[in-house]
Amino acid sequence: MHISKLSLVNYRNFLNSKLLFSKGINTIIGENASGKSNVFRAIRLLLDNSLSRSAYRLSENDFCRDLTNWRGHWVIISMTFDNISDDEVSQSLFVHSAGIHGSAIVKQASYNLIFRPKQHIRIALSELNRGSGAELESLLSSIKIEDYETVLTGKSNADFNDEAVYREIVGDFENVIFPSRVSKETIGAELPRFINLPEEVSFTFVKALRDVVSDFQNNRTNPLLTLLKQKSGQINETEFTPIANAVNDLNSQIEGLSDVITIKDDIKTTINESVGDTYAPHSLSIKSGLSDEADELFQSLRLFIDESGHGIEGAIHEMSLGGANLIYLTLKLLEFNYLQDHQSIANFLLIEEPEAHIHTHIQKTLFDKISYSNTQIIYSTHSSHISEVCKIKNVNIIGRVVGKCAIFQPSHGLSEPKITYIERYLDAIRSNLLFAKSVILVEGDAEEILIPVLIKKTLGLSLDELGISLVNIRSTGFENIALLFHDDRIRKKCSIITDLDAHFYNITAVVGGVPADEKRKDKARGSEVSGALRKIALDSLCQGNDWLHPYYADHTFEVDFIKVGNQNTLKSVVGDVYTDANKISESNTELSSSDIATSGLRALKMANYKKKGWFAITLSEKIKFSVTVPKYIIDAVIFSHGVVAPCTLEKIIDYRFKAIKEYVLNGREYVATLDSTTQATHISEWQSHLSFIDAGISAFTPKWLNYLSNRADIQTIKVAFINDIPCLANEILEGLK
């Protein structure tokens, strides 16, 4: 038996979400504070027998904050089980979700925790006049959390994630229509007290491994003590009897010590002298309290570990956090092994964020090897190293869509060959796309190296700060990875950046031409055809998909980079590419040409001569804030990032103005090197520039933001602004020369 589905409705940060699970190992991926712990809490409420009964009494804080008003709504945690065994115990616990009775064997069943208004509130809601918002508001305002009850049900056939079904069961708050009764077949029959599923399953929860030393020091949470207590009932009586006898003898010996007897007599004498014989106790003794019970004796046992290999064992609190966490996890896995021996109808192991303080290689090795027969394992993580060893068809990703929590199944609707291909591709470097808020896919080293630098230098914010992961797919092919981003799978924005490889010089063949030139032209013609076909394929792939969009360089990165006016940046690396003085002079001349056929070809030759990856690294060191970013790259960043918050835009504007000011100050230093007569002609002009920059920082930024907030074409304006500011910087510097 295993969990196949978990539905969460109005529970904590999940307004309406569904997780799908498979047999064996399952992974829940999500960034910090995404809700992974809330998912585990929901599972534990239904299956963990160690939780106190008070845990089932939910509070206002357990309602999803996306609800405008929690009053009147229900919290529903619904779990579906598949592959239920046909043994008598399993069959007696469940009734098929479709309500099949008699001799039918149950293979699928539901188990639900529902937190709902008590009956008198539900009746009052059903008696409201339809459409009367005032009556509804009046009733809701009177509801308190004490008016709620928790029920456990089975035999339900409702899809709680269906909003229409929710309105049918709970009510239509917008139109003020509430049901007078709900059939037991829909929400399930309330389970009798003698049916207790947690009692029948083996369930172990391993909490997040952040600092477990305190757990070892607490008898209630010490995992070693838990193991020993589980074993205490199985200790061989013949082996333990001599120990118990020895403890009793030790107690007698301690009690018989002369000092102990003297103190006992002195206490009795002092009492008699103080209150008299009438009020003094009749007898008094001092006894040793060493227990001869196994589980109490076990409390004195401690683990000692040699972590360094020096032959010196230390206590848990003396270990590194990683070492202590690894020992803790090992003991919890052993605890699970012991529980498995109890012949439960199903085995469940939950491990929460185990990666803390554990070395990368241990993470990968440990979770590649964790596997128990007849056991469903679910672990949560935000480690790309652990996700590397997981199967995407067993992955649930927790993210946000339009500000609301959502859960994605990245393999949903994909064929097995496609799933296998993607799993092979998602190594530790590329699997970060599963964690990202949004993604940009590129296929070249130049883009992988330079786009992050361009964004950081021009906007003052890194792609990481913007929540964008840039992934180089190299020769994999966009289609094989981009299909992850879809309404049915990962609902996150993904931009594709690629080249059209359109020609930018005359590629017409000339009879009797230079063979090398003819070969280059023939290659260019072939690349142009391939680029056109690539565009057709990508446009078709992205058509109708709101999460995926392609962006194209007209030619290739190096050519498009110089095409938008970055001649000076490219000229700054000529000396790093060539050593020959004539070649350097020739290259600078060609790069200065206004004819893209000349300057673009030289940029491409430099990249190919240096090798594109190394050329990109060299060029990245020369990138300054005044560089102009090609529009197709800016468009891709804007699509992936989505709506830009005013505070983010303000940071960008502030950074740009301060960068320009620094640019101006550098210009003043240049002016200061000139003779006094020449300086005098620049002073007033320089001062006006500096005054403008200071005024812009203090006043222009909020005005610009206000202007943006009142424009429908905010993204277009933003692109223009990002590209216009470098031009302003260049104009200022030119004015200082």
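Start at the largest pocket, whose lining has 14 nonpolar, 10 polar and 13 charged residues (Ala, Val, Leu, Ile, Met, Phe, Trp, Tyr, Cys and Pro count as nonpolar, Asp, Glu, Lys and Arg as charged, and the others, Gly among them, as polar). You are looking at a predicted model, in which local features need pLDDT of at least 70 and side-chain atom pairs pLDDT 80 or more, while totals for chains, interfaces and linings use all residues. Residues are numbered from 1 along each chain as its sequence is written, and side-chain values use heavy atoms, without hydrogens and water.

**Stop 1: the pocket.** The space in the largest pocket is about 1,200 Å³, a volume filled by probe spheres set on grid points that are joined across faces, edges and corners. Select Leu-15, Asn-16, Asn-161, Glu-163 and Lys-404: of the 37 lining residues, these are the closest to the centre. A pocket here is an open set of points on a 1 Å grid over the protein atoms alone, where a 1.4 Å probe fits, with protein on both sides within 12 Å along at least five of seven lines; lining residues have an atom within 4 Å of a point. Helices (H or I, at least four residues) and strands (E, at least two) are DSSP runs, numbered from the N terminus.

**Stop 2: the antiparallel sheet.** Follow E2-E1-E4-E5-E6-E7, the order of six strands in an open, antiparallel sheet; strands pair if DSSP finds at least two bridges between them. E2 and strand E7 (189-190) are the edge strands. Zoom in on strand E5 (residues 108-117) and strand E6 (residues 148-154), which pair over seven bridges; Leu-113 stands opposite Leu-152 in E6. H1 packs on this sheet, at about 110° to E1 (axes are lines fitted to C-alpha atoms, for helices over the stretch in contact, and angles run from 0 to 180 degrees between N-to-C directions).

**Stop 3: the mixed sheet.** Next, show E8-E11-E12-E3-E13-E14, six strands in an open sheet with mixed pairing. Strand E8 (202-206) and strand E14 (404-408) each have a single partner, so one side of each is left without a neighbour in the sheet. The twist averages 15° from one strand to the next. Inside, strand E11 (residues 347-352) and strand E12 (residues 375-381) are parallel over six bridges, and Phe-348 has Gln-376 as its bridge partner in E12. Helix H1 (residues 36-47) lies across this sheet as well, at about 155° to E11.

**Stop 4: a helix pair.** Finally, select helix H23 (residues 581-591) and helix H24 (residues 596-610), whose axes come within 7 Å and cross at roughly 135°.

Conventions. Contact means heavy atoms within 4.5 Å.
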